[in-house]
Each structure stands twice: as structure tokens, then as C-alpha cells.
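Biologist: Hi! Could you walk me through this one? I'd like to go through it piece by piece.

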Amino acid sequence: KMINRCNNVLEHLNNVKNSDNKIQFEGEAKFFLSYSYFTLVRLFGPVPLTETVIKNYSDLYNYGRNSTDDIYTLIKSDLTNAISNLPESYSSTTDKGRATKIAAYTMQAEMYMTLKDFSNAKKSLENVINYANQNPSILGLEDDVLKIYDSQNPIGKEIILAAQFNNGATIVDNPLMRRCLPAVTPSNQPSYIYSDGTKSTI
């Protein structure tokens, strides 16, 4: 679904009238296409590659698998686009959590390390490190380790990219969140009440 949604965004980019938004949306779509294919190629090797919107999912049965070289070529191209089009960070709290140039550099480094291209991985990581050194209030180590797990600090400065969840049923029903978060209910965060009256522990 993520791949098709990203392709849908790219297909309708010309409907976006604001040029800055258009550039940002293209970068975000390319970033998540890269993320999707990078995940798939590491799990399955050769996978179907689609660069157009699929209207009927049954058509997927007609797709063959593309080589890992083809997949990594697309990932490299899309990450280069994302790096060019995305901002290094967002100042608005409503935009925090969106894909950024720094997140794209980080994924690019991981991709190069996966391919054992450590020279290029180093270059990508140096961009992240240099940004962190120049912007320690935005990216860097927290002065208190507890801030990493603080529900009131969901996108702290140690976070490069994190999936965003709404407080309530969405976060409680996510099994990954149930396994990873401490089973506590912060006093200033209301619990979600299940239909049987049980309160959530997140």
C-alpha cells in the first residue's frame, strides 16, 4: 500500500499549486518509496518494482520480480531526490516527525553499508554528524536518558525519524508499541478505556 500511495502522490504532483509544497511532497514520496523498497529487498531479495499507480491489486499477479540491482538503483535515485528536496528539519511542531534530509542521509548510509560500500556510507553519515554538531539543540544526545522514553517528548533530539501515533486506540492497538513501551500510564496522559472498562497501560 505504501508504494502505491507514494506513486499516487507522484502521479498527482501537478495538482499542487504551491511550488514549495510540491517539492516537499515529491521528496517525501521518494523517501518512503526508498524506505519501502529497502525493507523489501533486504527481506526478499528480488521483488516486483512498480513506478506507476496500480488501480487493480489483482494485476500484481502479472508482475515478475526485478533484480536486486534494479531495486537498489531505484532506491539510490529516490534517496538522492529526497535529499535534494527535503528540509534538514522542521521548526513547526505540527510538522515534526515528517521525513527530512537528515533521515534520508541516514537511510542512504544504511543502504550503502548493506551494500558494503563503506566509503559512501561514511560520506552520508558525515552529513548527519556535521548537522548534529552545528545544531545540538535539534539533533544529539539527551542530557537525561529518561527523556528518550518520556511520553511528553515523543520527538526528542535523539530521534531522526519515528512513526507518529495518535493517543488512544491507535497506539494501544499497535502490537509493536505494546511490546516496546514501558507498561506505565503517565499521570498527565489519559488512559484509553476499552469496552470492558479496562484502562490501557500506555
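Modeller: Happy to, and do keep in mind that this is a predicted model. Helix 1 covers residues 2–11, and its buried residues are Ile3, Asn4, Cys6 and Asn7.

Biologist: How are those buried residues arranged when you look down the axis of helix 1?

Modeller: They fall within an arc of 160 degrees, so they line one face of helix 1.

Biologist: And what do the buried residues of helix 1 pack against?

Modeller: Their packing partner is helix 2, residues 19–44.

Biologist: Nice. Switching to charges, how many salt bridges are there?

Modeller: The count comes to five. One of them pairs Lys55 with Glu11, where the closest N and O atoms are 3.9 Å apart. Lys55 lies in the loop between helix 2 and helix 3 (68–85), while Glu11 is in helix 1, so the pair ties together parts that are 44 residues apart in sequence.

Biologist: OK, what about Arg98, which residue does it form a salt bridge with?

Modeller: That would be Glu28, and the closest N and O atoms there are 2.7 Å apart. Arg98 sits in the loop between helix 3 and helix 4 (101–114) and Glu28 belongs to helix 2, so this bridge ties together parts 70 residues apart in sequence.

Biologist: Is Glu28 buried or exposed?

Modeller: Glu28 counts as buried, because its relative accessibility is 12% and the cut-off for buried is under 20%.

Biologist: Which residue does Glu110 bridge to?

Modeller: Glu110 pairs with Arg42, with 3.0 Å between the closest N and O atoms. Glu110 is in helix 4 and Arg42 in helix 2, so parts that are 68 residues apart in sequence are tied together. Both ends are partly exposed: Glu110 has a relative accessibility of 37%, and Arg42 has 39%.

Biologist: Let's go inside. Which residues touch the most other members of the largest nonpolar core?

Modeller: That core has 31 residues, and the ones touching the most other members are Phe31, Tyr37, Phe38, Ile71, Ile75 and Met111. Helix 1, helix 2, helix 3, helix 4 and helix 5 (118–134) each give two or more residues to this core. As background, nonpolar side chains tend to be buried together in soluble globular proteins.

Biologist: What is Phe38 in contact with, leaving aside its neighbours within four places in sequence?

Modeller: Its contacts are Tyr72, Ile75, Met107, Glu110, Met111 and Thr114. Glu110 is also the residue that forms the salt bridge with Arg42.

Biologist: Last topic, pockets. How much space lies in the second largest pocket?

Modeller: About 460 Å³. Its lining has 21 residues, and Phe31, Phe32, Tyr35, Leu161 and Ala162 lie nearest the centre.

Biologist: Which element gives the largest share of that lining?

Modeller: Helix 2 does, with six residues. Helix 2 and helix 4 each supply at least two residues of the lining.

Technical notes: Residues numbered from 1 in each chain as written. Predicted model: local features only at pLDDT ≥ 70, side-chain atom pairs only at ≥ 80, totals over all residues. Heavy atoms only, no water. Buried < 20%, exposed > 50% of the residue type's maximum accessible area, 1.4 Å probe, protein only. Helix = DSSP H or I, 4+ residues; strand = E, 2+ residues; numbered from the N terminus. Arc of directions from axis to C-beta. Contact = heavy atoms within 4.5 Å. Salt bridge = Lys/Arg side-chain N within 4 Å of Asp/Glu carboxyl O. Core = buried A, V, L, I, M, F, W, Y, C linked by side-chain atoms within 4.5 Å. 1 Å grid on protein atoms, 1.4 Å probe; cavity = no way out; pocket = protein on both sides within 12 Å on 5 of 7 lines; lining within 4 Å. Points joined across faces, edges and corners; volume = space filled by probe spheres on them.
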